[in-house]
Amino acid sequence: MTEATTTPANLEPGNPGGAFAPEGRFDLPGAAGGPLARLRVGVKDMIDIQGRVTGAGNPDWRATHGPAERHAPVVAQLLAAGADIVGKTLTDELAYSLNGENFHYGTPVNPVTPDRIPGGSSCGSAVAAASGLCDIGLGTDTAGSIRLPATFCGAWGFRPTHGAVSSEGVVPLAPSYDVVGWITRDADTLARVGQALLSGDTGLPGRLLLADDAWSLASDAVRQGLEAPRAALMARFGAVEQVTLAQEGLLAWQQIFRVIQGREVWAAHGDWIARHAPRFGPDIGERFKWASTIAADEAAAAAVERRRIAARLDELLQDAVLCIPTVSFVAPVKGSSTAAEDRTRALCLLCIASLAGLPQLTMPAMAGNRCAVGLSLIAARGRDRALLEQAARWAA
């Protein structure tokens, strides 16, 4: 194992903020007109662009894979809608982290709090969008990789219903959770991307659910930062109700999520790891090692519980929208050891939408310590456009 690079990506010429992957700056114009005409897109380096190697945040992955033969469908859709691709953005290694601190390529600079991590794994997309290097940061989200960096960087983020946007041409992590999502500086652009990529609009119900077990996980700084925006949101609904999502505790949900994710991660990448013995950063390497130990019967038992959880959430959200804090803590200082307890508490919140494959929108707010925090709405599956368009109307 080599030591982490001493020249972070954010110090390389032509890569402001360290948001872009190595050799990741280029211009690929979209159609002459369209609903997204001349909006600039930074594409996470997990998503294929024809003729370019998808590097997945790891130099050994880049060295063992050739250029993509075609655009991922989501890239082709954006180009057809008139958007221009401005480059590939940095990602945590194979998207298996929430920190945004790439062992090999460095840490993109959080535009809100430069001394703190940007969050991952869609770190480059979040930094590029939040700092104005692009209008749309295209990323992926398995366990929060859109929602957490959007929160830490003070941006809007959206995780769509699982399967609503094609994941073809995207390096997998855990396919039954993986989605392609996006990050923007404003709610209107977030909704415009949804109009270009998503179909259907079933409307939002007028009842808001506040999940008390989710809110109990938030730190004092997060709760204080979200107090005013939560009150404003509550005033927009005809009815507000307190609920408990998990009688067994959200930690139990997080453990179910984690087991299934780990089993799928190893199924996706175990053979490649065995063949090439790639260099990983310490945390990533330990995660892959743990994933290799998960037995089939353990994952199968977790899958039974996952179906029960999804049914519970489907029932709750038939006539309601769920409100939770996006992340339970503010961004840690760069280079510090993120406490295992903090990561677990964050995943207890982030796993909710992931387990059931539901759409989740996170909107930015500021805490008293000048750190960015996020307030989230989770809707029933398929209500993606309704959620996006309602948020855009509120923001306007």
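The questions and answers below go through some local features of a predicted model.

The model is predicted, so local features need pLDDT of at least 70 and side-chain atom pairs count only at pLDDT 80 or more, while totals for chains, interfaces and linings use all residues. Residues are numbered from 1 along each chain as its sequence is written, and side-chain values use heavy atoms, with hydrogens and water left out.

Q: Is threonine 54 buried or exposed, and what is its relative accessible area?
A: Threonine 54 lies in the loop between β2 (40–44) and α1 (59–63); helices (H or I, at least four residues) and strands (E, at least two) are DSSP runs, numbered from the N terminus. Buried means under 20% relative accessible area, exposed over 50%, and partly exposed in between, with a 1.4 Å probe and protein chains only. Threonine 54 is therefore buried, with a value of 6%.

Q: Which residue's side chain is joined to that of threonine 54 by a polar contact of 2.6 Å?
A: A polar contact is a pair of N or O atoms within 3.5 Å; within protein, one must be able to donate a hydrogen and the other to accept it, and residues adjacent in sequence count only if both atoms are side-chain atoms. Contact in general means heavy atoms within 4.5 Å. Leaving aside neighbours within four places in sequence, threonine 54 has contacts that include Trp61, Lys88 and Val171. The side chain at the other end of the 2.6 Å polar contact belongs to aspartate 48.

Q: How many charged residues are in the lining of the second largest pocket?
A: On a 1 Å grid over the protein atoms alone, a pocket is an open set of points with protein on both sides within 12 Å along at least five of seven lines, and lining residues have an atom within 4 Å of a point. Ala, Val, Leu, Ile, Met, Phe, Trp, Tyr, Cys and Pro count as nonpolar, Asp, Glu, Lys and Arg as charged, and the others, Gly among them, as polar. The lining includes Trp156, Leu233, Arg236 and Trp394, and α7 (220–235), β10 (360–366) and α12 (384–395) each supply at least two residues. By class, the lining has 11 nonpolar residues, no polar ones, and for charged the count is one.

Q: What is the volume of the second largest pocket?
A: Grid points are joined across faces, edges and corners, and a volume is the space filled by probe spheres set on the points. For the second largest pocket this comes to about 150 Å³.

Q: Which residue is joined to glycine 120 by a cis peptide bond?
A: The omega of this bond is about 5 degrees.

Q: Is alanine 277 buried or exposed?
A: Alanine 277 is found in the loop between α8 and α9. Its phi is near 45 degrees, a positive value in a residue other than glycine. At 62% relative accessibility, alanine 277 counts as exposed.

Q: What is the relative accessible area of alanine 95?
A: Alanine 95 has a positive phi of about 65 degrees although it is not a glycine. This residue is found in the loop between β3 and α3. Alanine 95 is buried, with a relative accessible area of 6%.

Q: What distance separates the C-alpha atoms of arginine 393 and aspartate 188?
A: Arginine 393 lies in helix α12 and counts as exposed at 52% relative accessibility. Along the chain, arginine 393 and aspartate 188 are 205 residues apart. Their C-alpha atoms are separated by 8.1 Å.

Q: How far apart in space are proline 205 and alanine 218, C-alpha to C-alpha?
A: Proline 205 lies in the loop between α5 (187–197) and β7 and counts as buried at 16% relative accessibility. In sequence, proline 205 and alanine 218 are 13 residues apart. In space, C-alpha to C-alpha, they are 26 Å apart.

Definitions and conventions:
On a 1 Å grid over the protein atoms alone, a cavity is a set of points where a 1.4 Å probe fits but cannot get out, and a pocket is an open set with protein on both sides within 12 Å along at least five of seven lines; lining residues have an atom within 4 Å of a point.
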